[in-house]
Amino acid sequence: MRDIAVFSGTAHPDLAAEICAHLGVPLHPVRVSRFANDCLEVQLQANCRERDVFLIQPLVPPVQENLVELLLMIDAARGASAGRITVVLPHYAYARSDKKDAPRISIGARLVADLLTSAGADRVLAMTLHSPQVHGFFSVPVDHLHALRELATHFRRYDLSNTVVVSPDLGNAKEAAAFARLLGTPVAAGAKQRFSDDLVKISAVIGEVADRDVIVLDDEIAKGSTVVELMEHLRGLKVRSIRLACTHGLFSGDALHRLSDQDGVLEVVCTNTVPIPAAKRVPKLQVLSVAPALAEAMRRIHNGESVSALFS
């Protein structure tokens, strides 16, 4: 592929290298340094002039460091006369800050979208945004991918004749319904109320789950408090087994060990949109790669082809 230049920040270089392997292009080096006053400086160490530049950087912890690094990468590419700058966001952490549900709070998803655009991004390629309205916070084109195909391919290996897909809340029910259609299973959802970042209450499960094998699907799992609360209800309803699935496996603290140790949990499945340190991994964890999907979307963007056709 000519006239394409791919760079990666320090957030997830392994994913970027895998994407470039699928594209058959080199991953160009980026020098990130820090001044004595703690300010970052970024240098893209390959020619960008009039090239189609892709900058790969999920917003993962430390989120603020990685965000500033990404903004500096965009600015560097713009200053180097890039023909077009596409930001590849496998995980957009601020997507959870998508509404004003309390007085005097910021809407971080919109603010960060404005920052990316102001820095010089011409296009954004994102994977499984927390809510559909986040797409509209960007004033540049956004190609929004999901990982349902990768997850469905994994779960089709099992006997799904007695399986139901369960969404932890009604907000994720549409995605869970789409996933259930791919698998040919019914769908159910939890009725959730959130009181704080790590305190949720699920009052009921809507749908038939008794004596069923359950696949719990969420867009991301961080502390796992919602999933733990849901599993207590599912066990009370006498489900046969539980498998957990998500796109973004953040697994903060000991969340992954806590989830895998829950009664009835056979498997925890996520994708590699965010890096999972080896120290956090458990035997029940399965990590699926979204590099082929991201690489194909980047190829289509570069060639001016339809990205939505990927989901036909």
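In this predicted model, begin by selecting strand β5: Asp-52, Phe-54 and Ile-56 point one way from the strand, Val-53 and Leu-55 point the other way, and all are buried. Strand β5 comprises residues 52-56, and because five of its five residues are buried, it is largely enclosed by the rest of the structure.

Strand β1 (residues 4-8) runs parallel to β5 and is joined to it by five bridges; here Val-6 stands opposite Phe-54. Strand β6 is likewise parallel to β5, with five bridges between them, and Val-87 in β6 is the bridge partner of Leu-55.

Remain on β6 (residues 84-89) and select Thr-86, which lies within this strand. Is Thr-86 buried or exposed? Its relative accessibility is 0%, so Thr-86 counts as buried. Beyond its neighbours within four places in sequence, Thr-86 is in contact with Asp-52, Val-53, Phe-54 and Leu-55, as well as with Arg-123, Leu-125 and Ile-301.

Finally, select helix α1 (residues 13-23) and helix α8 (residues 291-303), whose axes are 8 Å apart and which pack at an angle of about 55 degrees. The two helices are therefore oblique to each other, and the crossing is right-handed. To display the contact, show Leu-15, Glu-18, Ile-19, His-22 and Leu-23 of α1 together with Ala-291, Pro-292, Leu-294, Ala-295, Met-298 and Arg-299 of α8. Colouring these residues by type shows eight nonpolar, one polar and two charged.

Key. Residues are numbered from 1 along each chain as its sequence is written. This is a predicted model: local features need pLDDT of at least 70, side-chain atom pairs count only at pLDDT 80 or more; totals for chains, interfaces and linings use all residues. Side-chain values use heavy atoms; hydrogens and water are left out. Helices (H or I, at least four residues) and strands (E, at least two) are DSSP runs, numbered from the N terminus. Buried means under 20% relative accessible area, exposed over 50%, partly exposed in between (1.4 Å probe, protein chains only). Contact means heavy atoms within 4.5 Å. Axes are lines fitted to C-alpha atoms, for helices over the stretch in contact, and angles run from 0 to 180 degrees between N-to-C directions. Angles under 35 degrees count as roughly parallel, over 145 as roughly antiparallel, 65 to 115 as roughly perpendicular and the rest as oblique. A crossing is left-handed if the near helix is turned anticlockwise from the far one by less than a right angle, and right-handed if clockwise. Ala, Val, Leu, Ile, Met, Phe, Trp, Tyr, Cys and Pro count as nonpolar, Asp, Glu, Lys and Arg as charged, and the others, Gly among them, as polar. Two strands pair if DSSP finds at least two bridges between them.
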